There are 4 protein chains.
Amino acid sequence: MRYAYLGPEGTFTEAALRAVDADADALACPTIQSALTAVREGAADRAVVAIESSVEGIVTATVDELATGGGDLAIAAELQIPVAFALLVRPGAALSDIKTVGGHPQAMPQCRGWLAANLPDGEWIPAASNAEAARQVGDGQLDAALAGAFAADRYGLEILASEVHDRPNAVTRFVVVAPTGPLPAPTGTDRTSLAAFLADDRPGALLEILTEFAVRGINLTTIQSRPTGDRLGQYYFYVDCEGHVDDARVGEALMGLRRVCADVRFLGSYARCDGGRTQVRPGTSDAEFAEAAAWLGRLRFGRV
Amino acid sequence: MRYAYLGPEGTFTEAALRAVDADADALACPTIQSALTAVREGAADRAVVAIESSVEGIVTATVDELATGGGDLAIAAELQIPVAFALLVRPGAALSDIKTVGGHPQAMPQCRGWLAANLPDGEWIPAASNAEAARQVGDGQLDAALAGAFAADRYGLEILASEVHDRPNAVTRFVVVAPTGPLPAPTGTDRTSLAAFLADDRPGALLEILTEFAVRGINLTTIQSRPTGDRLGQYYFYVDCEGHVDDARVGEALMGLRRVCADVRFLGSYARCDGGRTQVRPGTSDAEFAEAAAWLGRLRFGRV
Amino acid sequence: MRYAYLGPEGTFTEAALRAVDADADALACPTIQSALTAVREGAADRAVVAIESSVEGIVTATVDELATGGGDLAIAAELQIPVAFALLVRPGAALSDIKTVGGHPQAMPQCRGWLAANLPDGEWIPAASNAEAARQVGDGQLDAALAGAFAADRYGLEILASEVHDRPNAVTRFVVVAPTGPLPAPTGTDRTSLAAFLADDRPGALLEILTEFAVRGINLTTIQSRPTGDRLGQYYFYVDCEGHVDDARVGEALMGLRRVCADVRFLGSYARCDGGRTQVRPGTSDAEFAEAAAWLGRLRFGRV
Amino acid sequence: MRYAYLGPEGTFTEAALRAVDADADALACPTIQSALTAVREGAADRAVVAIESSVEGIVTATVDELATGGGDLAIAAELQIPVAFALLVRPGAALSDIKTVGGHPQAMPQCRGWLAANLPDGEWIPAASNAEAARQVGDGQLDAALAGAFAADRYGLEILASEVHDRPNAVTRFVVVAPTGPLPAPTGTDRTSLAAFLADDRPGALLEILTEFAVRGINLTTIQSRPTGDRLGQYYFYVDCEGHVDDARVGEALMGLRRVCADVRFLGSYARCDGGRTQVRPGTSDAEFAEAAAWLGRLRFGRV
């Protein structure tokens, strides 16, 4: 199985990919978009991409590409890994040697406090990825990189400081993206992802969307407005909810969205990585949906 | 076809029955309950009973008997007739001769203003029906009766004053009740009636019921809480909504109620007598429901 | 203190009045409307009237007169009493002697089962009150009356059967109505009554009204639609909610109704007779309202 | 008046600052956070920072710093400017000379289509700002920069291609941030910004927040969930709504949020830059709020 990921080697995404499949044939890509495109075009079977950080929120490149790209991809699985930053330097370097620090643009805000306290005069130089910054440290273009400790070996660097991120317990959730096809079977601890494009930007539209879920007893685990790019104030909503599209209540909610939205893109139903069981409120189990459908059939046939 | 109705001859209900079928074989019954029981037990094919007055509201005997009686009856049709009261007396009698006035208990409140102005000292004597009061006038037990003008002939009375009701344009809606069986076909101007028994009396339960309709774009035309009789503050809700149970949105709403209520009794889908067309909001037509169901089927099969 | 009530002597209402004030100067009135009018016109200081039966529901004459009458009355207190029917006859009479049974129109449906089992051939004759039926038994016009056992003595009758009502534990709630004036102080177990007239009969109007209460965490204990009498399908809503108009959340909800309804009539805040404490959800106590108001004042003054 | 902004000279933010005050004493800062800190610490009177892009959505650095930073800043004004990218090169350079293209990380996604069509082999090098990329082009470190055309002069560059962004009409909204203090007066075309921190992450919490606005007829213009950083799935909501905190309906909604949320941070009320008038639904004007408050006062005093 060939996996595309945001390279180069040594990124957190590669660490996630190795957690999915330690022996994967890995295809490093320069951007999230190109990793997903590799799956679309058959250069890879699957892509592993970050989708949400406990610190920075939704990874907009992933979400936007899934929601507004070609439409032939779906999330097949998810996993989360702790995000622990280390400060990587060339062997022998000390803090006082560091003039420039690089990393992915999202790395800096996660280490802002540590940098302010320990490298107040260091200049921040964004790079395409943390691993790219590590590579540049190896090449001498930068003095230090914020990256996972596992990147040190690959680029011949030393760990000058570990755990330099401000928030302990930071995690990033990654998804495995595959071409659309048969869905993973429901497990009772599933998540369903979708993008809902509003029919218009009238005030109550979001309330209407939330009500489609609430009336069927479905918990949302993520909701995020994203600009459609057409003009300020025009959004689509990226939504993760509990349950599987094969669950009756989730299926009916999706049909409700389909009817009231301009467009709904289904982005997959898959087992949750955090093991939280789906809450099923009274009146919303598959058995209760089936019983109600049988009852309705009898009513329509003229029996009460 | 044999029809049971609230007799005796000369009631508004008989007038309604004649509007349904001028040549009906009519079975006069002493109460609304007994008229409905006659259909249940096969003594009549159908019953014509009042269900709502524009002045007095829901006719609770009808609603309670349909909602909590045997469960084997359904509304098959409806009609409304104007309710115009006349003051009926023995031939030759004048206002000054009237000491006692009788009628159905609901007749008096509809004529209260006229009575206060014209018969301030008249004593009100309730009767089992307006026609029964007219009969008693004929027998000399009462001096005057509030009843439909059409009752005068039958009991050998005169119309001393017509249009004695306080509100012009008062109407009563009647329903034709039949044993459950094949439903009337949808017409596009239908009404559906049901009784919803709450699972518990928690505060948000009514809001929850209303939301099941609202989220599917269904207008309610009547909603009425009725005591279940068990204790103060415990209710069921009688609901009339626009549309037919064969409409996808109405069917889904009924299934929703079935799932979240302790019990739902379906009381019929039938053509509205007022000709108002069912409002169908964007996203709630049968075609849109069908399209969404087909889309969901494709999703579940793994196609986006 | 002079109390008006629905007479004659021996009604359940008189029993309620005596429970309020055993030595009251009692003014028997022929109808609920006339009892309330007596207070309006100064012929009595207060009226005791039934407002809700656990069997028959809202007493529409009371509710309609409070909601649409002169507007100068309010509920000052409430109480509930058990409703136990007895069958009263002339001394020495037996079941087999009974051809006719009388009582208030609401008495019969509460005893229907007993009557069908024990007096299947008895004719039902409605009367203006149960006590009036008892009086007619004494006078020989009727053979038996459904009434409270306490009416037997007054009319020289015997109790042939007691507890003849079909449902045990039936109760009726009565209210003490007074001219508007200073309100009873909040007790923590209060009820507030009001009538809300919709601005128009658009579908979502009831949902809107319920939301004004729900968003402020207020439980409703009664909600009842009543026709305005203008035409079928046009309603006002009679509402009882938990709490006192002096409670911040109730006051804000009432202001919300005032703004979105065509009219709101306040019908009183008074101690509940059932002792149920008002539920106060997090964020809706008076202290939390006061804190939020102080915070808003600071914001508007330019402090965050 | 001294303004802090995201420098260096030549950024879109500087263009926005000049639109606010052409002769401002401008303090270039390396990050959005440092621009806001400059105001907090008195190094500048105000800061001009981007808050929303029609292409990329909310500017999370701005929103997070306002919502979770020191709490002593508020938005005093807003403006929006078109975002038009040009490709800047050293004088005389041609497309075929370009190996590397730099710019702010958000610049690339906005020009992705143009780059793919015209510079398919160009390597993308992120920079701290577009202007920094332009500076690097001037220094010979990069071959081309995506930046505003106005940056060309400052760095001695030429415009090789203009309007290279994929979406026409892209705009960015900027806000002027000042220390908290007296608010701008209401204009009838105002916006109010706030951050709402949920009391817990229960499913209905967002629905509850939206209802606080909806029940008072207030339109939202932006709503965005942001991680609190504590763990995945825990959010606060950044909200822009129509109207001014001095408007009665906005004030009451804010108090409602204050009561039901763990925390609410008010971020300012200020005139909208797009001139859209605040929609005031029936029943929600200041006059209607005042009338309802006067009515409530009378009720509490015992007058109906």
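**Figure 1. Burial and overall build of chain A in the predicted model.** Of the 304 residues in chain A, 55% are buried, a residue being buried if 20 or more other C-beta atoms, placed from the backbone, lie within 10 Å of its own. This is a predicted model, in which local features need pLDDT of at least 70 and side-chain atom pairs count only at pLDDT 80 or more, while totals for chains, interfaces and linings use all residues. Residues are numbered from 1 along each chain as its sequence is written, and chains are lettered from A in the order in which they are written. Chain A comprises ten helices and 15 strands, which are DSSP runs numbered from the N terminus (helices H or I, at least four residues; strands E, at least two). Along the principal axes, its C-alpha atoms fill a box of roughly 85 × 45 × 35 Å.

**Figure 2. Helix α2 of chain D and its cover.** In α2(D), residues 32–40, the buried residues are Ile32(D), Gln33(D), Ala35(D), Leu36(D), Ala38(D) and Val39(D). Elements of chain D that cover these residues include the strands β1 (2–6), β2 (25–29), β3 (46–53), β5 (73–82) and β11 (171–179), together with helix α3 (60–68). Gly42(D), with a positive phi near 90°, follows α2(D).

**Figure 3. The side of chain C that touches chain B.** Here 34 residues of chain C are in contact with 34 residues of chain B; contact requires C-beta atoms, placed from the backbone, within 7 Å. On chain C, β8 (123–126), β11 (171–179), α8 (205–214) and β13 (220–227) each supply at least two residues of this side. The most come from β13(C), with eight residues.

Conventions. A residue is buried if 20 or more other C-beta atoms lie within 10 Å of its own, exposed if 12 or fewer, and partly exposed in between; C-beta atoms are placed from the backbone. Two residues are in contact if their C-beta atoms, placed from the backbone, lie within 7 Å.
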